[in-house]
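Trainee: I am new to this structure and would like a close look at a single part of it. Please take one open space and what surrounds it, and then go on to the neighbouring topics.

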Amino acid sequence: MDFAKLMSAQIAKSKSSTPTDDPSKKYLKRSELEAQRQAAYIAEQKAAEEAREEKVRQKRKLEDDEAERNREREEKKRRLAEQSRKLREEEEDAAERARRKRLGLPDLPPREQQKEETPLAEGEDIPDEELVAKLRELEQPARIFGESHRQRLKRYKKITGALTAPALSDGPIPTTLQLVPEAEMKVDTKLPKDKESREFLFRQLGSYFTMVLREWEIALAQRPEDVRTSFQGKQAYNAMVQARENMRPLFKKLEKGELEDGILEPVVEIVNAAQERRYVDANDGYLRLSIGKAAWPIGVTMVGIHERSAREKLHESDKNSAHIMSDETTRKYLQSIKRCLSFAQTRWPPDDQLQLMG
C-alpha cells in the first residue's frame, strides 16, 4: 500500500467520525464545535445543580417532618403529664374530703383557693375590717370585685411601700441621704462614736461631695462653645462624668453606714482640710491613704547572711498598708475624691498660695 492510499483512508476516517447536526453540512467550524461543547457543559452543570437542590429539599423536608414529630411527641407527653397530675390531685382531694367528712371538719376549699390561701407569717396579716379602713384612709378602693383578702393585703402593702419609700435627691448622684445645708457641712476631724452622730457625718460627707460635683457640672456648662467642643474640653467633661460614676459606690456605703473606719477617718481628714482650703494638707492625707506608711525597700535588702536592721518593717501590713489597693471599687472612688480636690482648689482658691496643689 502506497502513501497516497494511506492518506486518503485517514481523511475518510476523520470525516466519518466528525459529528454534524446537519447532514447536509460536510464540515464544521471550530467555533461551532466549541459552542456545542459549552452547551453540553452548561446542560450537565444545570442537571447537577437541580439534583443538588432536590437533595437539599428532600433533606429539609425530612428535618421538618422529624421536628414536627418531636413537637407532637412533646405535646402528647405534656398532655399526659397534665392529665395524670389532675387525676392525682383529684384523688388526693377526694381522700382529704372523705377524711374531713369522717372527722367532722369543714369541707376542703378548691385547689386554686388553696394555693392562694397559704398561711401568712406571724405579724403580716391584718384583719379585714381594719384593712378596709386603712385603704379608705389612703383614698383607695376598699374592695375590688373578685378580690380576696390576701390580694387586698398585697395591694395595701404595695401602696404603703411606695408611700414610705425614701425619696432620692436631685443632685448629680441621686441618694437617699438627707443632704444638709452648706452651713452645716463643716466636718470635725474626730470620728464620732454614737450612731446618730455617725449618720449625721455621713450626711455631711454626701452633701459636700454633692456640692462639689454640682459646682463642677455648672463650671463645665458655663464654658464657651468652642472650649466645650475642643479635645481638651471633652476630656475635662469625661473626667467629671467618670469621677461622678466612680463615686456612686461611696454614696452607697454612706447610705448604709458601711464605710469602715480605716477609710472614713482619712476621708474626713481630707474633707476637713479641703473645707478649710488647705489643699496641700488634703493632698497629703490622700497620699497617706493611697500609698500608706509602709516602708518601701530601696535597692538591695539582703546583702549577706545577716538581715539588715528594721527589715521586718518592710512586711508589716496591718495599719501601714494602703487601702486604695484593697479593691478596684475603692481605688476608683478615692481617685475621684482626688479629682474633686483638684476642682475645689480652682472653684474655692485658698488665701495662702502655698496651699495650692501642684
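**The second largest pocket and its surroundings**

Mentor: Sorted by class, the residues lining the second largest pocket are three nonpolar, three polar and five charged. The model is a predicted one. The space in this pocket comes to about 220 Å³. Its lining is made up of T176, L177, Q178, R198, E199, F202, R203, L254, E255, K256 and G257. Two elements, α6 and α9, each give two or more residues to that lining. Helix α6 supplies the largest share, with four residues.

Both of these elements also come up around helix α8. The buried residues of α8 pack against α6 (195-221) and α9 (248-256), and also against α7 (225-228) and α12 (328-347). Those buried residues are G233, M240, A243, R244 and N246.

Searching the whole structure turns up one cavity of 30 Å³ or more. The largest cavity holds about 30 Å³ of space. Around it stand Y208, F209, V212, V271, I337, C340 and L341. The elements giving two or more residues to this lining are α6 and α12. By class, the cavity lining has seven nonpolar residues, with no polar and no charged ones.

Q275 is located in helix α10, residues 261-275. Q275 and V187 are 88 residues apart along the chain, and their C-alpha atoms are separated by 8.4 Å. The side chain of Q275 reaches the backbone nitrogen of V187 at 3.1 Å.

To bring the parts together, α6 gives residues to the lining of the pocket and to that of the largest cavity, and the buried residues of α8 pack against α6.

Note on methods. Residues are numbered from 1 along each chain as its sequence is written. This is a predicted model: local features need pLDDT of at least 70, side-chain atom pairs count only at pLDDT 80 or more; totals for chains, interfaces and linings use all residues. Side-chain values use heavy atoms; hydrogens and water are left out. Buried means under 20% relative accessible area, exposed over 50%, partly exposed in between (1.4 Å probe, protein chains only). Contact means heavy atoms within 4.5 Å. A polar contact is a pair of N or O atoms within 3.5 Å; within protein, one must be able to donate a hydrogen and the other to accept it, and residues adjacent in sequence count only if both atoms are side-chain atoms. On a 1 Å grid over the protein atoms alone, a cavity is a set of points where a 1.4 Å probe fits but cannot get out, and a pocket is an open set with protein on both sides within 12 Å along at least five of seven lines; lining residues have an atom within 4 Å of a point. Grid points are joined across faces, edges and corners, and a volume is the space filled by probe spheres set on the points. Ala, Val, Leu, Ile, Met, Phe, Trp, Tyr, Cys and Pro count as nonpolar, Asp, Glu, Lys and Arg as charged, and the others, Gly among them, as polar.
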